[in-house]
Amino acid sequence: MTTSLEGRLLRFLAREEEDEQRSFRDLRALPVNQRVLDGECIRTAVFEAAEADGFVFRVDENLSKFRAGDALAVGDGLEFETAASLCFGRYDAERGRLVLERDRFSRGEDVRFHVGETY
């Protein structure tokens, strides 16, 4: 039986998606401290303001591997279902200023943070 190239590609993409979802679940199962050490989490980001170009947070240290455009889940680090979907914008190490942007692929969810609260 001959399988079409399109069918094989679709199955390949489905397997890749399953592997990626499994990797995300494994990552999220790790304690916050381990995710920070692995560069997959930024600890103690204090919300300062919403500006035209994004949401501004103050962070003491950023050892993450995140780059501009990377998708992030912003919340308490434990409840991912309630986390806000944003994208890494930029980080100014001298000022400890992290700017996160709205995720252009999000479904228009309302993103709200409280000034002074840690995420």
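A residue counts as buried when its relative accessible area is under 20%. Keep that cut-off in mind while looking around this predicted model.

Take Phe55 to start with: at 6% relative accessible area, Phe55 is buried. Its ring pairs edge-to-face with that of Phe113, 5.3 Å centre to centre and with 80° between the planes. Phe55 sits in strand β2 while Phe113 comes in the segment after β5 (97-102), so this pair ties together parts that are 58 residues apart in sequence. Phe113 is buried too, at 12%.

The structure holds eight aromatic pairs. Ring pairs also join Phe47, Phe55, Phe57, Phe113 and Tyr119 into a cluster. Another pair is Phe66 with Phe88, which is tilted because the ring centres are 6.3 Å apart and the planes meet at 40°. Phe66 lies in the loop between β2 and β3 (71-74) and Phe88 in strand β4 (residues 84-92), so that pair links parts 22 residues apart in sequence.

Here are some relative accessibilities:

| Residue | Relative accessibility | Class |
|---|---|---|
| Phe66 | 13% | buried |
| Phe88 | 6% | buried |
| Arg28 | 41% | partly exposed |

Now for the strands. β1 (residues 46-51) and β2 (residues 54-58) run antiparallel, paired over five bridges, and they make a hairpin with two residues between them. Val46 has Arg58 of β2 as its bridge partner.

And the helix? Arg28 lies in helix α1 and, beyond its neighbours within four places in sequence, is in contact with Arg35, Ala73 and Phe80. Leu13 belongs to helix α1 (residues 5-29) as well, and together with Leu10 and Phe12 makes a nonpolar surface patch of about 300 Å².

Conventions
Residues are numbered from 1 along each chain as its sequence is written. This is a predicted model: local features need pLDDT of at least 70, side-chain atom pairs count only at pLDDT 80 or more; totals for chains, interfaces and linings use all residues. Side-chain values use heavy atoms; hydrogens and water are left out. Patches are made of residues with over 30% relative accessible area and no salt bridge: like charges are joined within 9 Å, nonpolar side chains (Val, Leu, Ile, Met, Phe, Trp, Tyr) within 5 Å. Accessible areas come from the Shrake-Rupley method with a 1.4 Å probe; for residues, only the protein chains shown count as cover. A salt bridge is a side-chain nitrogen of Lys or Arg within 4 Å of a carboxyl oxygen of Asp or Glu. Helices (H or I, at least four residues) and strands (E, at least two) are DSSP runs, numbered from the N terminus. Two strands pair if DSSP finds at least two bridges between them. Buried means under 20% relative accessible area, exposed over 50%, partly exposed in between (1.4 Å probe, protein chains only). Contact means heavy atoms within 4.5 Å. Rings of Phe, Tyr and Trp (its six-membered ring) pair if their centres lie within 6.5 Å; planes under 30 degrees apart count as stacked, over 60 as edge-to-face and the rest as tilted.
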